[in-house]
Every structure is written in structure tokens, then in C-alpha cells.
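Subject: Structure for you to look at

Hi,

Here is the structure I promised to pass on. My notes follow below it.

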Amino acid sequence: MNRADTRRLGEPASLWRMRVVPVASVMLASALPLMLPMVASSPVLPPLGLLFFLCWQLLRIEMWPVWIGLPLGLWDDLFSGAPIGSAIALWTFASIAIQYFAQRIYWRGFFHDWAIAALLVAAIQSFAALIAHPDAHMGKVLGLVAPQIIVSALLVPLFMRLTGLFDNFRLKRR
Amino acid sequence: MVRPAARRPGQSRKAQTSLFVAYVIAVTGAVAGLLLAILSVADPVGFAALRVASHEVTAPVARGTRSVIGSISGIDDWVSAYVGAGSQNRRLRKELAETRRQLVATSALQEENRQLKVLLKLQDNDKAAVANGYLLTSTSTSSKRIALLSIGRNVGVASGQPVRGADGLIGRVLSSGPSVSQVLLLTDIDNIVPIRRARDGLPALANGRGNGDLDIRTLNIANNPFKPGDILVTSGTGGLYPPNIPVAIVVRRTPDGALARPLADPAQVDAVSVLRAYTPDNIEAQAVPAPLPAPAPQP
């Protein structure tokens, strides 16, 4: 008798893993830029944590309560350098917006998801930059984050696939 | 993807209430977050402790990746250095010969300067650094340009102290933790440095653009005196930055001043030194000569 194989038929995936994987992926992605040995002179990296956050919600809208942006946003604020509180507010508004879009659009396709994610990334990054620099010239601040927004919008499908991979791992039966 | 079931989760009163409560929490929290953000823009130091604590957590990882990979940020320069090696070599040799000639002339001037200073009994203004460290990493996803410095309060780094590399000014310490500190880079939009032109002392202000360049604005708006190639150094006005630290070189003129590039690229520098803040007590402490030893009693 094979003692290692204790799987039972129809056994659900580990509850612990189902809860932890999405949160951990967002938190790790938020903290990752500060672990790389790179000193950037402009916002060069896409907001990794935000992209995972949006993709998880587009993929599994019922997985998180709508206030999940409060703790995850605070965590991102600690590492992104933006004033603490800006991601708390903007990520939560993004959650509410995704809930709204999910109700409005009967069948969301791939391009719907892409458009929603790109729109929210653009709005969040622009507002975050405007909050961080209230005295600076508005056009200059928006011009600063524009390249990052374009790159992020193009990277959304990649992050969707990555989120899908994580989701498969999350729901895998052991 | 099909839209989730109706917004009302069935007839269960409990489920309806919990959904409603989730929305109340979300909206209240988001508004509170917005207020918090406005507060922390107004008072960035107040919330620094939270951020420092989180950076203390990631700093060991950053140290590790740095020692393993080295600094990957200069990789584009390596590639272009290989491509342009031949012509660069010729140009550098020519420059070296020219620089040697200038060096001889300068050393003579230096000696003369030293003798004149001795005559004037001027103390050589000793700007001993508080400590030396290196830049570990920086924020790269937001519009703020904050770098992480590998030393903190353990060696006396405190907020407000200027940071410079070998080539010029890097920025100033925003907040310091037990073993790492945060440096607001020169190129951040909120970092304003009082400068003057090295050639003739024309005062101006350098303001970061957030993308690696600096906006230079002169204090008198009547004319635009800048020319490409002008070297700008700190003026020491307003305290904080000691005078005569190289800051930037003018690249081109703009309608309201000039566009300049910092002389020290934070992505390229290896070691940086943290200087004493240029405040009145520090200046006096440096200017006063060491007390003379008491004369030995005559026998």
C-alpha cells in the first residue's frame, strides 16, 4: 500500500492555499521593486502589485470583499514611495469600479478585461502622481507617468496569464 | 466571463447586510485613505516611521541581490562602451594629454592658493562626511524618486543631511532608520536646490523634473543667461546644502531657464557620502580652529 498517497476522491483544494496565494502574490509584487538592485531616475517599472490586484479581481470577482484594497493598498504605499494613503483610497475605488463593470457588462470578454484594467491603471497612476505632487505643473506630472501607463496597459494580458497560472496553483487539488 | 449573480445575494438578510457593510467599510476606508494621503503630503516626516520600518524589512534582500548581480542599472552603458571603444579610446587619450597640461597649471595655482590662505589664516573648510554608504535600490513604480541608502542611524545619519557622490550632489536624507535611510534624489519633482553658475556665481534654483533631468530657473527673469555646458554648483544659500558641490551641467536653454543633467547619476555611483547639514552651528563648529594646547609651565 502506498502510504504517501493520502488523497481522497473529491477532496477540495487546501483552504489555506486558496486564501494566501492571491494576497501573497500582490504583496510580493508590491515589494519586489525595492528588492532589485536598481536606482531608477524615472518611473520605469510598471506598478506590479496594482496589475496583479486588478487581474485577480477581474478573474475572480467574488473572491475578495470589496474593502480588500484597504490593507493591500497600505502595503503598496509602504513600498511605492507614494504618500501613504493614496493607494488605500485609489485601489478601493478601483475595486468598486470593477464590481460596477461586472454588473453592467453581461459577458465580459478578454478585451473587456484588458480595457477595464488599462483604464483603471491609467486613472490610478495619474491620480497618485497628482496627489504626490500637488504644487507641480499638472501636464509635467502626467507626462512623467504617461510612458509607464502605456507599458502597463500593454503588459495587462501577460499579467492576466500569470494570474491564471497562480489561480490554477491555488485551486489545484493536492 | 459571465456576470456574477444579482447584486442582492438572495433572500438571506444576513448576506445582504454583510455585503452592505463591506461597501460601507470600503467607502469609509477609501475616504480616510484619501485624507491620510493629503496629510502625508503636507507632513511627509510624520509617516516616515512606517515606511522606514517596511524598508528595513526589504533592505536585507536588496543587499543580497545587489551583491549577487551587482548593480544592473548601468547595463546600457556597458553595451555602448563596447560598441564605441575605439573612437572613445582616441578621444580619451587626446583629453588626457590636455588635462595633464591643465593639471600642471592647476597644481601651481593650488600651491599659491595654499600659501595665500596661510597668510590670511583661513581654515581649510573641512567638510568631513558623517558616513559613507552606497545606494541599494530606489522606488521605480511611482513618481517619487526615493532611494534606499545602506546606512542609517547606526552611523549617525539623520534626516536633512545632504548626500553626494564623487561626481556631485545626489540628494538629501529624507528619513533614517536603524540600519537604512531614505534619500530624496536630486531629480525628484519636490527637491529644490539653490545653485549658482560655477563660472560667475549667477544664482539660480534647480528643480527636479522626475525623469532624471533638472529644470534650472534663474532668479532674475529679465534675460536667460544660460548656455549649454554651463556647470552649476550648490550656492549654500538657505542652509542644508554646503556650497560648491557640483550639481549639474546645462544641456539646453528653455523659455524660462535651462534644462540640465545631474553630474552624478545615482544609477552609476557606487559609494556616496552623507555630509553634515549646512546649518549655522555646524558651520561655526567647522570654522572655529581647534583650541591651542595650554602652554607648558615654565620651569
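Of the 174 residues of chain A, 47% count as buried (20 or more other C-beta atoms within 10 Å of the residue's own; 12 or fewer is exposed, in between is partly exposed; C-beta atoms are placed from the backbone). This is a predicted model: local features need pLDDT of at least 70 and side-chain atom pairs count only at pLDDT 80 or more, while totals for chains, interfaces and linings use all residues. Residues are numbered from 1 along each chain as its sequence is written, and chains are lettered from A and ligands numbered from 1 in the order in which they are written.

Chain A overall

Chain A has six helices and zero strands (DSSP runs numbered from the N terminus: H or I of at least four residues for helices, E of at least two for strands). From the N terminus, the order is α-α-α-α-α-α. The C-alpha atoms of chain A fill a box of roughly 70 × 45 × 25 Å along the principal axes. Take the contacts in chain A with a separation of 6 or more: 70% join residues 24 or more positions apart. A contact means C-beta atoms, placed from the backbone, within 7 Å.

Helix 4 of chain A

This helix covers residues 86-104 of chain A. Its 19 residues should span 27 Å at 1.5 Å a residue, and the end C-alpha atoms are 27 Å apart, which agrees. The expected span is 1.5 Å times one less than the number of residues. Buried residues of helix 4 of chain A include A:Trp91, A:Phe93, A:Ile98 and A:Ala102. The buried residues of this helix pack against helix 2 (48-59), helix 3 (69-80) and helix 5 (110-132) of chain A, together with helix 1 (13-42) of chain B.

Where the chains meet

56 residues of chain A are in contact with 53 residues of chain B. On the chain A side, helix 3, helix 4, helix 5 and helix 6 (138-171) each supply at least two residues. Helix 4 of chain A gives the most, with nine residues. The chain A side divides into 42 nonpolar, eleven polar and three charged residues. Here Ala, Val, Leu, Ile, Met, Phe, Trp, Tyr, Cys and Pro count as nonpolar, Asp, Glu, Lys and Arg as charged, and the others, Gly among them, as polar.

From chain B, look at helix 1. Its 30 residues should span 44 Å at 1.5 Å a residue, and the end C-alpha atoms are 44 Å apart, which agrees. Among the buried residues of helix 1 of chain B are B:Gly29, B:Gly33 and B:Leu36. The buried residues of this helix pack against helix 3, helix 4 and helix 5 of chain A.

Helices 5 and 6 of chain A

Helix 5 and helix 6 of chain A pack at about 150°, with axes 8 Å apart. Axes are lines fitted to C-alpha atoms, for helices over the stretch in contact, and angles run from 0 to 180 degrees between N-to-C directions. The two helices of chain A are therefore roughly antiparallel (over 145 degrees; under 35 is roughly parallel, 65 to 115 roughly perpendicular, the rest oblique). The residues of this contact divide into 17 nonpolar, four polar and one charged.

One residue in chain B

B:Val130 lies in the loop between helix 4 (85-120) and strand 1 (131-138) of chain B. B:Val130 is partly exposed, with 19 other C-beta atoms within 10 Å. Not counting residues up to four places away in sequence, B:Val130 touches B:Gly156, B:Val157, B:Gln161, B:Val274, B:Leu275 and B:Arg276.

Best wishes

Notes: Contact = placed C-beta atoms within 7 Å.
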